[in-house]
Amino acid sequence: DTDELLVSDAGVLKRVDYSHLKSGTLVPISSVSLSGDTNPVRFDDIFTSTYTLYQIHLSELAPQSDGVSVRFRYRNGSSTLEASGTYEHCSTTVQSDSSSATINAVNNDDNIQIGKDSFGHSNPSSGISGIIQVHSPQATNNYKSMHYDLKSADHDGYTLFCSQGTGAYKNDTTTTMEGFELTCSSNGFTSGRIDIYGVKQV
C-alpha cells in the first residue's frame, strides 16, 4: 500500500505514486540559532557516508567584537583537529569601495580562515552570510577540503565585502571527519543562524 497523489492532466485525473516524485537535493541535517557569546560553535556527528557533499549555510553571523577573524576546524569524534601546520587555506576578497583585491594565502596553519582578516559587528547589515561546501569528509584517500562564498560588511555596514576561498586539512588522507567548529579569534558570535545540509546525488 503506497501513498498516491491525484494529478489533473488536461482535465483527466491520474494517480501518481508519491515515490515517483523527486524531492529536493538539499537534505536538512542540523541547525542552530546563535545568541549570547557563543564560541566555539560545534557540530558533531553530522558528516557520514550518506553524502559526499555537504553545504553549511551561514545567515548573518554577528561577532561580538570588531576586528575578528573567523576560523573553521574539522572535528573527529569529540576532538577538534587543531595542531599547528595541519591546514592550508587561500582566499580573495573584494570590497565595494575599491577596485583592488586582497589575497590571503597560508600554507601551514592550525585552522582554515574563512573570509577576510577582520570582520565587524556593530551594524545589523554587517553580518556574515554565505555557503561553505565540504567535500567527501568521510573519504580515506584524500585531503579533506572545503570552499566558500561569503558576503560581509565593515562595522558601519556601508562597505560590502565579497570573499571566495578554499582550504584543506592536509595532515593525512586517512582521517575521517565527523563534524566541524567555527570560532572567532576574539570573543564569540552574538546572533545569526547556521544550517547544515547533505547534498543528494541526482
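Which strand is T93 found in? T93 belongs to strand 8 (residues 87–95), where strands are DSSP runs of E with at least two residues, numbered from the N terminus. The model shown here is predicted: local features need pLDDT of at least 70, side-chain atom pairs count only at pLDDT 80 or more, and totals for chains, interfaces and linings use all residues. Residues are numbered from 1 along each chain as its sequence is written, and side-chain values use heavy atoms, leaving out hydrogens and water.

**View A. The surroundings of T93.** With a relative accessible area of 6%, T93 is buried (under 20% relative accessible area, 1.4 Å probe, protein chains only). Its side chain makes a polar contact with the side chain of S163 at 2.8 Å (N or O atoms within 3.5 Å, one able to donate a hydrogen and the other to accept it). Residues that T93 touches include K116 and F161 (heavy atoms within 4.5 Å).

**View B. K116 over the ring of F161.** The charged end of K116 sits 4.2 Å from the ring centre of F161 (NZ of Lys within 6 Å of the centre and within 35 degrees of the ring normal).

**View C. Aromatic pairs.** The whole structure holds seven aromatic pairs (ring centres within 6.5 Å; planes under 30 degrees apart are stacked, over 60 edge-to-face, the rest tilted). F43 and F180 are stacked, because their centres lie 5.1 Å apart with planes at 20°. F43 is in strand 4 (residues 41–43) and F180 in strand 14 (residues 179–184), so this pair ties together parts 137 residues apart in sequence. Both F43 and F180 are buried.

Terms used:
Helices (H or I, at least four residues) and strands (E, at least two) are DSSP runs, numbered from the N terminus. Buried means under 20% relative accessible area, exposed over 50%, partly exposed in between (1.4 Å probe, protein chains only). Rings of Phe, Tyr and Trp (its six-membered ring) pair if their centres lie within 6.5 Å; planes under 30 degrees apart count as stacked, over 60 as edge-to-face and the rest as tilted. Lists of a residue's contacts leave out its neighbours within four places in sequence.
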